[in-house]
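This report describes a predicted model.

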Amino acid sequence: MNTALLHTQAARPPGWRGVVADWSSDQRAFKGASWGKTMMWIFLLSDTFIFGCFLLAYMTVRASTTVAWPNPSEVFALEIAGTNFPLLLIAIMTFVLISSSGTMAMAVNYAYRRDRVKTTALILLTALFGAAFVGMQAFEWSKLIHEGVRPWENPWGAAQFGATFFTITGFHGTHVTIGVIMLLIVARKVWRGDLDQERPGGLTGRRGRYEMVEIAGLYWHFVDLVWVFIFALFYLW
Amino acid sequence: MAAAHAAAHSASHSASPTAHEGQQHPVRVYLVVWGWLFVLSLFSYLVDYFHLQGVLRWGLILLFMGLKAALIVAVFMHMVWERLALALAILLPPVAVLVFAALMAIESEHTLWMRQTFLGVGD
């Protein structure tokens, strides 16, 4: 209880005074956040720079080319029963990913309530949504490749379209895939009771604890967050 | 809201013998944010569906993008409940990316101008 109290935030000054107090406390600077969570945040920050640089490279080549950029609204249209729906597949992918973010948030919530069954079910549902997203992305890739899009050329306009498309969505899809694998591992840990029994993990030997679900959730929400930017800047722009 | 959270926190701490540094908040908060994310995504899709153009188009796209990103980071990733020291350490550095983007926007304008002027392409 004492250690728990140490980490509660009530005893510490809030706001800017808190920032100064935390950084000058001659202990760890990030109060209330374990090192595991802090490191995940720092990793996500570095990932932000990677995706940020991809997106601004895309902005640079798109803004500096004299050749017309292919219209994403038409390129990513889906024809159903003779009618063309602009960006339909992308819209579905967006909704699937947001759904998965919601189920992940609920999983974290139930994890801290020590509800093993609901937590496992929600994590598996999140992984299922993620797998569905990757599946739809594979479909989209093969459709575009079939239509003649390559990293160096495409039938509709600026050659840079393919290079940026495959790099950005490919890197994001890889993140989703890694996330799905990570979620399956965490789901197994929760289901077996590893987190309740604080059983050491096979890879790091660290004791299982329910915060692992929240840290896994941070990564998953970040993947959704990146998609928000890709959706807006690549598909809608 | 703050009082409710404080109560929830103390309840969770006294309820579990091994209290971790967990974040626990009412389920309703998550559901409301979840709903808003769907609504905002629908709005951004409609921007494309109705073929809005010009300032209105990219203004709305950026607005909905920013709101969605803020909701995900603040609530789903619990940043609004973390200490300000952590929030600043994580949220301030990406400003450098925005500066970089601004520099490259200027740079690409210049490149485009050079190509149009000296390569005799485009108009």
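Chain A holds 8 helices and 2 strands. Read from the N terminus, its elements follow the order α-α-α-α-β-β-α-α-α-α. Along the principal axes, the C-alpha atoms of chain A fill a box of roughly 65 × 40 × 30 Å. The chain has 237 residues, and 37% of them count as buried. If one takes the contacts in chain A between residues at least 6 apart in sequence, 66% of these join residues at least 24 apart.

One helix pair can be described in detail. Helix α3 (residues 35-64) of chain A packs with helix α8 (residues 211-236) of chain A at an angle of about 15°, and their axes are 11 Å apart. Because angles under 35 degrees count as roughly parallel, α3(A) is roughly parallel to α8(A). The crossing of these two helices is right-handed. On the side of α3(A), the residues that meet α8(A) include Met40(A), Trp41(A), Leu44(A) and Phe51(A). On the side of α8(A), Ile215(A), Leu218(A), Phe222(A) and Val226(A) are among the residues that meet α3(A).

The contact between the chains takes 56 residues from chain A and 53 residues from chain B. In chain B, α1 (2-15), α2 (27-49), α3 (54-76), α4 (84-91) and α5 (95-118) each supply at least two residues of the side that touches chain A. The largest share of that side, 12 residues, comes from α5(B).

In soluble globular proteins, nonpolar side chains tend to be buried together. The largest nonpolar core here has 73 residues. Which of its members touch the most other members? They are Ala107(A), Ile123(A), Leu183(A), Val186(A), Val213(A), Val228(A) and Phe231(A). Elements of both chains give two or more residues to this core: α3, α5 (88-112), α6 (116-146), α7 (160-192) and α8 of chain A, together with α2, α3 and α4 of chain B. Helix α8(A) gives the most, with 19 residues.

Leaving aside residues up to four places away in sequence, Ile123(A) touches Ala107(A), Leu183(A), Val186(A), Ala187(A) and Val190(A).

Terms used: Residues are numbered from 1 along each chain as its sequence is written. Chains are lettered from A and ligands numbered from 1 in the order in which they are written. This is a predicted model: local features need pLDDT of at least 70, side-chain atom pairs count only at pLDDT 80 or more; totals for chains, interfaces and linings use all residues. Axes are lines fitted to C-alpha atoms, for helices over the stretch in contact, and angles run from 0 to 180 degrees between N-to-C directions. Helices (H or I, at least four residues) and strands (E, at least two) are DSSP runs, numbered from the N terminus. Angles under 35 degrees count as roughly parallel, over 145 as roughly antiparallel, 65 to 115 as roughly perpendicular and the rest as oblique. A crossing is left-handed if the near helix is turned anticlockwise from the far one by less than a right angle, and right-handed if clockwise. Two residues are in contact if their C-beta atoms, placed from the backbone, lie within 7 Å. A nonpolar core is a set of buried Ala, Val, Leu, Ile, Met, Phe, Trp, Tyr and Cys residues joined through C-beta atoms within 7 Å. A residue is buried if 20 or more other C-beta atoms lie within 10 Å of its own, exposed if 12 or fewer, and partly exposed in between; C-beta atoms are placed from the backbone.
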